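Dear colleague,

Please find below the structure that I am handing over to you, together with its sequence. My notes on charged and aromatic side chains follow it.

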Amino acid sequence: MFQLAESKIVINKHIGDVFLYITNMENFGQWFPKVIKVKLSTDKTVGEVGKVYLETVKMPLKGKVDISIEVKEFVKNKRFVTEGDLNPIFPRMTVLLKEKENMVTHVIWRMESRNKGLLIKTFLLTFIKGIMQRRATQGLLNLKNVLE
């Protein structure tokens, strides 16, 4: 996988509250830049692997794009992973959480591309990397503001 962005932040909130908010992808547009909306696409419960959302996001040079997002991993209060069908990026979002002290949660947010093509990595993903890093940094600041 090709890493597009990684950002870290400390949130003064219990890990359970942070994890619950992040893993409800319908909240994603409230804190992550350029996400217009996210709606549930399947009947599965929160945290169930295989749950699918439809995300509408603003992409450079493309405008609004709909992406199908599927929950791939869900480890309560520790790890949340989704994968999207956006071609040619094929994004994978990973959120890692760790409670350092009571009511203090460390969050690591990472976006990777599952595309293994050399030309895609060399040209397109290098361009997208800077954009995604700025969005990741701002997104985690927004998340902190929403939760604290």
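A salt bridge is counted here when a side-chain nitrogen of Lys or Arg lies within 4 Å of a carboxyl oxygen of Asp or Glu. By this rule, the structure holds 8 salt bridges. Please note that this is a predicted model, in which local features need pLDDT of at least 70 and side-chain atom pairs count only at pLDDT 80 or more, while totals for chains, interfaces and linings use all residues. Residues are numbered from 1 along each chain as its sequence is written, and side-chain values use heavy atoms, with hydrogens and water left out.

Salt bridges

In general, side chains of opposite charge can pair when their charged atoms come close. I describe the surroundings of each pair by relative accessible area: buried means under 20%, exposed over 50%, and partly exposed in between (1.4 Å probe, protein chains only).

E83 and R92 form a salt bridge, with 2.5 Å between the closest N and O atoms. E83 is buried, at a relative accessible area of 15%, and R92 is likewise buried, at 12%. Both residues also belong to a network of salt bridges that links them with E73, R79 and R114.

A further salt bridge joins the side chains of K144 and E148, at an N to O distance of 2.8 Å. Here K144 is partly exposed, with 21% relative accessibility, and E148 is also partly exposed, with 46%.

The side chains of E6 and K8 meet in a salt bridge as well, with an N to O distance of 4.0 Å. K8 is exposed, its relative accessible area being 57%, whereas E6 counts as partly exposed at 25%.

Aromatic side chains

Rings of Phe, Tyr and Trp (for Trp, the six-membered ring) are taken as a pair if their centres lie within 6.5 Å; planes under 30 degrees apart count as stacked, over 60 as edge-to-face and the rest as tilted. Across the whole structure, the search finds 6 aromatic pairs. One of these is formed by F74 and F80, which are edge-to-face, with 6.3 Å from centre to centre and 90° between the planes. Of these two residues, F80 is buried, with a relative accessible area of 1%, while F74 is partly exposed at 25% relative accessibility.

With kind regards
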